[in-house]
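Please keep the sequence and the structure in view while reading.

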Amino acid sequence: MLIGLTFLLWLCMAGAGDIVYRKCFNWLVISGFISLIIFMIVNPDLNFLELSKQKMLIGGVGTFIVFLIFYIFGMMGAGDVKFGAVLGLWVGWELLLPIWALSCVFAVLHGMLVRSDLKYFFAPAMRWWDGSQEKGKRFIPYVTYLSMATVIVLMLNK
């Protein structure tokens, strides 16, 4: 129970930080990694998702490699790569696939909304320059969408 609540709190903090500041802080990524290590040391048999350590390792390393490729091509930030790797360690590679798919849907919808004039329809009084644009680049809060997708996939999985 404590493991799941810690994981949910970590996801909420990461998602909120990314939506507000448009960055995933290193202390947050490190705290997620350290809390996972502590839970595994304290009670190695207790795994709230019932994953083997091999699946967790494949999820973390695989996510890091795939996201690093996106980072190299400038399509993703370094915080997204680090958060994705730790998320992969938490959920393993099998749950990570639907999480990636759903978070990509959220990111595409975000991109379509920001690039269209529909944003003025949904919130006409809102000032739409929110710090998400820097030197002509637009940033999608992908950690937020990864967090949202993780919660949804875990709720549907149980």
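## Helix packing, a salt bridge and a surface patch

In this predicted model, helices H4 (residues 78-115) and H6 (residues 142-157) pack with their axes 7 Å apart, at an angle of about 105°. Angles of 65 to 115 degrees count as roughly perpendicular, and H4 and H6 are therefore roughly perpendicular to each other. The contact of H4 with H6 comprises 20 nonpolar, 6 polar and 1 charged residues.

Side chains of opposite charge can pair when their charged atoms come close. The structure holds 1 salt bridge. In the pair formed by Glu-94 and Lys-55, the distance from N to O is 3.2 Å. Glu-94 lies in helix H4 and Lys-55 in helix H3; the two are 39 residues apart, and the pair links distant parts of the chain.

Helix H3 covers residues 53-72 and also contains Phe-70. Phe-70 contributes to a nonpolar surface patch of about 1100 Å². Among the other members of this patch are Leu-57, Val-61, Phe-64, Tyr-71 and Met-75.

How accessible are Glu-94, Lys-55 and Phe-70? The table gives the value for each residue.

| Residue | Relative accessible area | Class |
|---|---|---|
| Glu-94 | 41% | partly exposed |
| Lys-55 | 29% | partly exposed |
| Phe-70 | 33% | partly exposed |

Partly exposed residues lie between the cut-offs for buried, under 20%, and exposed, over 50%. Phe-70, at 33%, is therefore classed as partly exposed.

How values were computed: Residues are numbered from 1 along each chain as its sequence is written. This is a predicted model: local features need pLDDT of at least 70, side-chain atom pairs count only at pLDDT 80 or more; totals for chains, interfaces and linings use all residues. Side-chain values use heavy atoms; hydrogens and water are left out. Patches are made of residues with over 30% relative accessible area and no salt bridge: like charges are joined within 9 Å, nonpolar side chains (Val, Leu, Ile, Met, Phe, Trp, Tyr) within 5 Å. Accessible areas come from the Shrake-Rupley method with a 1.4 Å probe; for residues, only the protein chains shown count as cover. A salt bridge is a side-chain nitrogen of Lys or Arg within 4 Å of a carboxyl oxygen of Asp or Glu. Helices (H or I, at least four residues) and strands (E, at least two) are DSSP runs, numbered from the N terminus. Buried means under 20% relative accessible area, exposed over 50%, partly exposed in between (1.4 Å probe, protein chains only). Axes are lines fitted to C-alpha atoms, for helices over the stretch in contact, and angles run from 0 to 180 degrees between N-to-C directions. Angles under 35 degrees count as roughly parallel, over 145 as roughly antiparallel, 65 to 115 as roughly perpendicular and the rest as oblique. Ala, Val, Leu, Ile, Met, Phe, Trp, Tyr, Cys and Pro count as nonpolar, Asp, Glu, Lys and Arg as charged, and the others, Gly among them, as polar.
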